Amino acid sequence: MRCGSLSCPNTNVGASRCYRNKTCGRNQALRKLKVFVYDLPPEFHFGLLGWKGHTNQTWPNVDSHSRIPPYPGGLNLQHSVEYWLTLDLLASNTPKVGTAVRVQNSSQADIVFVPFFSSLSYNRHSKLHGKEKVSVNKMLQTKLVQFLMARDEWKRFGGTDHLIVAHHPNSMLHARKKLGSAMFVLADFGRYPVEIANLGKDIIAPYKHVVRTIPSGESALFDRRPILMHFQGAIYRKDGGAIRQELYYLLKDEKDVHFTFGTYRGNGIKKAAQGMASSKFCLNIAGDTPSSNRLFDAIASHCVPVIISDDIELPFEDVLDYSEFCLFVRASDAVKKGYLLDLLRGIEKDQWTKLWERLKEIAPHFEYSYPSQPGDAVDMVWKAVLRKTSSVQFKRHRKNRYARSEALLKRI
């Protein structure tokens, strides 16, 4: 669906029960998240997209879609969270309904946003080219650390009120330890030590799905989905992803199961979209990391996700009950012969339909769009940050207990 935006949800987000409960209640809806944005040079953000502004121009004009540099397609898109959040902040002072608003004075801000497109930097610039001795990706991270360490805003609270988007599991690899006091926006915690990234301070954001969003009215009913369960992706993985291989050998010969190797290259995205839209259940199995974009492709396809990833962390789980639209299966149970088949074949039409109806209801929360829409993924991320700021302020206030008296003593 097109609605004058780069991408937009296809149903009314306000229908979701999330926005009728206390957590997403009226008080939070009225409060704005005040964000100070560093004016980093374009080489850290839109310059990575090939954008070149006029002399001393830091940001592109976001008033017209034709002037906004597009983000690369394909699998690059799945980690494009940095792009959507930055666009939203650049447009936050134009008339719109949104949670985050950009402020010009850092002392007035709840959070300080670091506009580094770290996932794009990793995807496009982590390899050495020509006579380079240091990759562009590593060079940018080094420069970013130097910049932040010299800023009064960072020194004020040791970076605890800074927000850094590092959604690709390998992004910010060279700088994450030095910047670990900041709040990160991540896909999961799979490649982070707990002292650097954890639920206490960080945000889990959804991947941007790459399959087509199915409009609610076009979503196939139970009887029009001939495939019981669907999985298409890399089967041979290391670490926690070894379970994929076990499940492949258990399920590959079942007539109503689609479990095959596949990539998103070529026609892969279209085939995956068709398969998911024709399936009752879509398997989301741990790979090299606990999470994958497959979960969000399933949500966009209204294919009930079956999550087999014991260590997965999920976006917005403090306000969304995933058991209302997903099934969770422990890895140790999933590899038992017949377990998955018995479980899924035993789910009646009315039980599946209840999950499917809720899935259609919450799907807009996982749509990234510009301009952002109330309750879309951009708005949900900002609301999650807003909920975290109370703990940031709590720590800040505790740290300031003796600041005034100590300052007075210095004057005596």
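**View 1. Val185 stands opposite Ile203 in strand β6.** This is a predicted model, in which local features need pLDDT of at least 70, side-chain atom pairs count only at pLDDT 80 or more, and totals for chains, interfaces and linings use all residues. Residues are numbered from 1 along each chain as its sequence is written, and side-chain values use heavy atoms, with hydrogens and water left out. Strands β5 and β6 pair in the parallel sense over two bridges. Two strands pair if DSSP finds at least two bridges between them. Helices (H or I, at least four residues) and strands (E, at least two) are DSSP runs, numbered from the N terminus.

**View 2. Six strands form an open sheet.** The order is β2-β1-β3-β4-β5-β6, with parallel pairing. β2 (100-103) and β6 (203-204) stand at the edges. Each has a single partner strand, so one side of each is left without a neighbour in the sheet. Strands of a sheet pair through backbone hydrogen bonds, either parallel or antiparallel.

**View 3. Strand β4 (residues 162-165) pairs with β3 and with β5.** Strand β3 (residues 111-114) joins β4 over three parallel bridges. Here Val114 has Ile164 as its bridge partner. Strand β5 (residues 183-186) also pairs with β4 in the parallel sense, over three bridges. In β5, Ile164 is partnered by Phe184. His162 and Ile164 point one way from β4, and Leu163 and Val165 the other way. All four are buried. Buried means under 20% relative accessible area, exposed over 50%, and partly exposed in between (1.4 Å probe, protein chains only).

**View 4. The largest nonpolar core has 112 residues.** Such a core is a set of buried Ala, Val, Leu, Ile, Met, Phe, Trp, Tyr and Cys residues joined through side-chain atoms within 4.5 Å. Met229, Phe281, Ile308 and Trp382 touch the most other members. Helix α12 (residues 377-399) gives the largest share, nine residues. Domain 1 (33-208 + 369-393) and domain 2 (222-365) both give residues to this core, so it lies between them. The domain bounds come from an automatic or database domain assignment.

**View 5. Cys282 and Cys303 form a disulfide.** The structure holds one disulfide, meaning a pair of cysteine sulfur atoms within 2.5 Å. The sulfur atoms of Cys282 and Cys303 are 2.2 Å apart. With 110° about the S-S bond, the link is right-handed. Cys282 lies in strand β9 (residues 279-285) and Cys303 in the loop between α8 (294-300) and β10 (304-308), so the pair ties together parts that are 21 residues apart in sequence. Both Cys282 and Cys303 are buried.
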